[in-house]
Amino acid sequence: MADTQQVDPKAERKAARLAHQISTFAKAHGGAEGQVAYIGERGARIVLVGEDGGWGDLVAPTYAIAEQAVAKSGITVHESFDGEFAAKVTTGSYEWKRMAGIQLGG
């Protein structure tokens, strides 16, 4: 008996859209690396860090779709958001003010 897999066209389209967004981010930031994290019922978060230190994230409806999207985009994917990877992120005054505001109750 042949091994057949059901392909969900909606999931394929979502993965393709996410891969396009990832590729666009990478192109705008001189390349990119990422990390996929499971966030529960909401799906998975794809954290992107550009070669220029810019960062962003996307949310995929499932972990499988997130993995498919990063694979299609061709970026380097890290197992965790460890210190070496996190050190590539450049934060500006907005982020520092925002983090301080959260700490101070703002």
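In the predicted model, F85 is buried, with a relative accessible area of 1%; here, buried means under 20% relative accessible area, exposed means over 50%, and partly exposed lies in between, for a 1.4 Å probe and protein chains only. F81, by contrast, is partly exposed, with a relative accessible area of 38%.

Q35 lies in strand β1 (residues 32-38) and is buried, with a relative accessible area of 9%.

The protein contains four helices and four strands, arranged along the sequence in the pattern α-β-β-β-α-β-α-α. Helices (H or I, at least four residues) and strands (E, at least two) are DSSP runs numbered from the N terminus. Of the 106 residues, 30% count as buried. Among contacts between residues at least 6 apart in sequence, 54% join residues at least 24 apart.

The axes of helix α1 (residues 9-28) and helix α2 (residues 63-73) come within 8 Å and cross at roughly 50°. That makes α1 oblique to α2, since angles under 35 degrees count as roughly parallel, over 145 as roughly antiparallel, 65 to 115 as roughly perpendicular and the rest as oblique. Axes are lines fitted to C-alpha atoms, for helices over the stretch in contact, and angles run from 0 to 180 degrees between N-to-C directions. The crossing is right-handed, a term for a near helix turned clockwise from the far one by less than a right angle; anticlockwise is left-handed. On the α1 side, A11, E12, K14, A15, A16, L18, A19, I22 and S23 meet I65, Q68, A69, V70, K72 and S73 of α2. By class, this contact has nine nonpolar, three polar and three charged residues. Ala, Val, Leu, Ile, Met, Phe, Trp, Tyr, Cys and Pro count as nonpolar, Asp, Glu, Lys and Arg as charged, and the others, Gly among them, as polar.

Residues are numbered from 1 along each chain as its sequence is written, and side-chain values use heavy atoms, with hydrogens and water left out. In this predicted model, local features need pLDDT of at least 70 and side-chain atom pairs count only at pLDDT 80 or more, while totals for chains, interfaces and linings use all residues.

How values were computed. Contact = heavy atoms within 4.5 Å.
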